[in-house]
Amino acid sequence: MGQLSLPDRFVLSLWCLGFAVGTSTHLMDIFSRGIFAYTYAPFWMNAFWTSLTLLDPLVVALLLLVRRAGIVLGGMVMVADLAINTYAGTLPAMAPGSYQFVLQWIFGLFVFATAGRLWPAPRG
């Protein structure tokens with residue numbers, strides 16, 4: 001986290017924490033219900049949610065090692081995840097308005113709002 005100000009380090013830490021929570025959530029689902037744990041959803045959604053078990057920690061690693069790549073991948077993950085979860089809320093088996101869904105949207109908006117402040121200045 002080298003040349004970041006204290007407030008920016010805090011923001012970066014919240015990004016890492018948010019993606020780590022996503023990782024642990026999907027891992028718990030896989031350990032408790034199997035690799036495609038979301039039986040109420042189509043296969044493509046299952047595959048996406050399972051892939052977050054790898055993508056979320058990759059975002060964290062990239063944020064710490066190659067910040068620009070982590071910011072880009074983190075933004076892409078959040079766009080896809082929010083879009084898919086919003087669509088999933090239209091499925092009969094999904095309860096719309098759950099607190100997890102609301103928290104995810106808050107985190108997603110935080111990611112989008114703070115990405116610019118974390119983007120490293122050009123060198124030289």
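Me: What does the secondary structure of the protein come to?
Reply: The protein has four helices and zero strands, where helices (H or I, at least four residues) and strands (E, at least two) are DSSP runs numbered from the N terminus. This is a predicted model, in which local features need pLDDT of at least 70, side-chain atom pairs count only at pLDDT 80 or more, and totals for chains, interfaces and linings use all residues. Residues are numbered from 1 along each chain, and side-chain values use heavy atoms, without hydrogens and water.

Me: At what angle do helix 3 and helix 4 pack?
Reply: Helix 3 (residues 67–88) and helix 4 (residues 99–118) pack at about 150°, with their axes 10 Å apart. The axes are lines fitted to C-alpha atoms over the stretch in contact, and angles run from 0 to 180 degrees between N-to-C directions.

Me: Are they roughly parallel or roughly antiparallel to each other?
Reply: Helix 3 and helix 4 are roughly antiparallel, a term for angles over 145 degrees.

Me: Which residues of helix 3 and helix 4 make the contact?
Reply: Among them are Ile71, Gly75 and Leu82 of helix 3 and Trp105, Gly108 and Phe112 of helix 4; contact means heavy atoms within 4.5 Å.

Me: Changing topic, where is Thr23 found?
Reply: Thr23 lies in helix 1 (residues 6–33).

Me: Is Thr23 buried or exposed?
Reply: Thr23 is buried, at a relative accessible area of 11%; buried means under 20% (1.4 Å probe, protein chains only).

Me: What does Thr23 touch?
Reply: Not counting residues up to four places away in sequence, Thr23 touches Thr53, Asp56 and Pro57.

Methods:
Parallel < 35°, antiparallel > 145°, perpendicular 65-115°, else oblique. Buried < 20%, exposed > 50% of the residue type's maximum accessible area, 1.4 Å probe, protein only.
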